[in-house]
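Open the model in your viewer and keep the sequence panel beside it. We will start with the whole chain and then zoom in.

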Amino acid sequence: MAMEIERKFLLPEYPERLIEDGQLTVLTRHSIDQTYLAIEDGQELRVRKITDLDSGEVTFTHTFKDGKGISRQEIEYYISEGIYNQMIDAVKAIPLVKTRITGVWNGTTVEIDLYTQLELTVLEVEFDSLKEAESFAAPDWFGEDVSVEKKYSNKTVWKQLQNK
């Protein structure tokens, strides 16, 4: 099982100027529909429909995560569209929809998530080690570090959508 080690920041504004100036290079743009199948005590099962906004290619994934905080175990693999649709039909839930921009800033890969159903934009950085994550000095433009604030976790935001 792979470890996912990441920090999350509340991005105050989309970094258009940094992109225009060439300081932030956009690598990929995806639309992600994310639905949770089960959530309990630090464990979660989810499925995603991922559409590449440049090529139009659509892929589907199934993910299991275990743990809390900035370091969690993760297993993710591709599934067929048919399996995805069966799981979506079974849970009858509203997917969390976001546009993910993956880019490189100052040698660091960043993922910017713009949530389409909410007024929320976050930036995530993944790390190879806990030590690297804890020692990372984020620039001011990343915004507030919300890595351990539950209200900004995808599963919490998704749960709120189900109650609307």
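Lys and Arg count as positive, Asp and Glu as negative, while His and the chain ends are not counted. Each charge is placed at NZ of Lys, CZ of Arg, CG of Asp or CD of Glu. Select those side chains: the protein has 19 positive and 30 negative ones. The centres of the two sets lie 5 Å apart.

A note on what you see. This is a predicted model, where local features need pLDDT of at least 70, side-chain atom pairs count only at pLDDT 80 or more, and totals for chains, interfaces and linings use all residues. Residues are numbered from 1 along each chain as its sequence is written, and side-chain values use heavy atoms, leaving out hydrogens and water.

Now switch to cartoon view. Look for four helices and nine strands (DSSP runs, numbered from the N terminus: helices are H or I with at least four residues, strands are E with at least two). Trace them along the sequence as β-α-β-β-β-β-α-β-β-β-α-β-α.

Zoom out. The C-alpha atoms fill a box of roughly 45 × 35 × 30 Å along the principal axes.

Next, colour by burial. Buried means under 20% relative accessible area, exposed over 50%, and partly exposed in between, with a 1.4 Å probe and protein chains only. Buried residues make up 43% of the 164 residues.

Last stop: select T108, in strand β7 (residues 108-115). Is T108 buried or exposed? T108 counts as buried, because its relative accessibility is 16%. Show its contacts (heavy atoms within 4.5 Å). Beyond neighbours within four places in sequence, T108 touches G103, V125 and F136.
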